[in-house]
Amino acid sequence: MKPMKDFTWYVYRASCALIRLLFRKPGFSGMENLPQGRPCIVVGNHAHAYGPFYAELYLPFERSTWCIGEMLDLKALPDYAFKDFWSKKPRWCRWFYRLLSYVIAPLCVAVLKNARCIGVYKDYRIMSTMRESLKRMKAGENIVIFPEHEVPHNDIVWEFQKGFVNLASLYARQTGQPIDFVPMYIAPKLRLVCFGKPVAFDPSANPGEEADRVCAALMDAVTALALALPPHLAIPYPNLPKNRYISTESMKGTPAEK
């Protein structure tokens, strides 16, 4: 007899149906760059909420997505959501978004606890993140990661946090198998998701230097994917006003393109 679905599962399903109406299915290009017969780590730009929503609803392969642990914690979520989503709103309306962060907390936790995600922590609990990620990779799933944080890099991507590269080291050590990072660029204005050529991980290299190399290569690859598309507005990682979005046309011929 199958176990009964709890209330949060129905909240999750209803939320997915609503989100599909608001975030229509994108097209995909570069699917041939995803390794066949073995898992990989897909690394992309966050593009506000588009990245996580596309990852959960539309990516056409088996996957789990890293999600910051605070988004799975009813007590921690309001502070994190306000800081990450709305702290740059005009002062006169921040009170509304502060209140909203508490209102949405139960809904967000209900949805995310039923989603294909893995909680990510910045303390000793990171080992649970790694263990669960390795378990799912060994079962054939790809891991999707959006590692940007609020340090500018260029007008398309923000700097990548480097801790996720440790997952490749652990996977190589436990399985003896190669692992690739596949760059992904999400272009909501074009309703398109693009995958670039894999960046191979070298388990024999110095860990710190390899993390630097992998992150630099991935940021360059995501930028190149964006610039290869028709001109469009790049959706930044932080929740900036729309008049601060940058068109990729303005970056043509810059060092980032070359």
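# Close-up views of a predicted model

**View 1. Seven salt bridges are counted in this predicted model.** A salt bridge here is a side-chain nitrogen of Lys or Arg within 4 Å of a carboxyl oxygen of Asp or Glu. Residues are numbered from 1 along each chain as its sequence is written, and side-chain values use heavy atoms, with hydrogens and water left out. As the model is predicted, local features need pLDDT of at least 70 and side-chain atom pairs count only at pLDDT 80 or more, while totals for chains, interfaces and linings use all residues.

**View 2. Arg 38 and Asp 180 form a salt bridge.** Their closest N and O atoms are 3.0 Å apart. Arg 38 lies in the loop between strand 1 (27-29) and strand 2 (41-44), and Asp 180 lies in strand 8, so the pair ties together parts that are 142 residues apart in sequence. Helices (H or I, at least four residues) and strands (E, at least two) are DSSP runs, numbered from the N terminus. Arg 38 is partly exposed, at 32% relative accessibility. Asp 180 is buried, with a relative accessible area of 11%. Buried means under 20% relative accessible area, exposed over 50%, and partly exposed in between (1.4 Å probe, protein chains only).

**View 3. Glu 56 meets Arg 116 in a salt bridge.** The N to O distance is 3.9 Å. Glu 56 sits in helix 2 and Arg 116 in the loop between helix 4 (94-112) and strand 4 (117-120), so this pair ties together parts 60 residues apart in sequence. Glu 56 is buried at 11% relative accessibility. Arg 116 is partly exposed at 34%.

**View 4. Lys 162 meets Asp 212 in a salt bridge.** Here the N to O distance is 2.5 Å. Lys 162 belongs to the loop between strand 7 (158-160) and helix 6 (165-175), and Asp 212 to helix 7 (residues 207-227), so the pair ties together parts that are 50 residues apart in sequence. Lys 162 is partly exposed, at 39% relative accessibility. Asp 212 is partly exposed too, at 37%.

**View 5. Helix 2 (residues 50-57) packs through its buried residues.** These are Gly 51, Tyr 54, Ala 55, Glu 56 and Leu 57. They pack against helix 1 (7-22), strand 3 (63-68), strand 5 (142-145), strand 8 (180-187) and strand 9 (192-195). Contact means heavy atoms within 4.5 Å.

**View 6. Strand 3 is mostly covered.** Six of its six residues are buried. In a regular strand the side chains alternate between the two faces of the sheet. On one side of strand 3 are Arg 63, Thr 65 and Cys 67. On the other are Ser 64, Trp 66 and Ile 68. Strand 3 pairs with strand 5 in the parallel sense over three bridges. Ser 64 has Ile 143 of strand 5 as its bridge partner. Strand 3 also pairs with strand 4, again in the parallel sense, over four bridges. There, Ile 68 is partnered by Val 120. Two strands pair if DSSP finds at least two bridges between them.

**View 7. The count of disulfides is zero.** A disulfide is a pair of cysteine sulfur atoms within 2.5 Å. For the sulfur of Cys 67, the closest cysteine sulfur is in Cys 117, 4.8 Å away and too far for a bond. Cys 67 is buried, with a relative accessible area of 12%. The sulfur of Cys 16 also has its closest cysteine sulfur in Cys 117, but at 11 Å, too far for a bond. Cys 16 is buried as well, with a relative accessible area of 5%.
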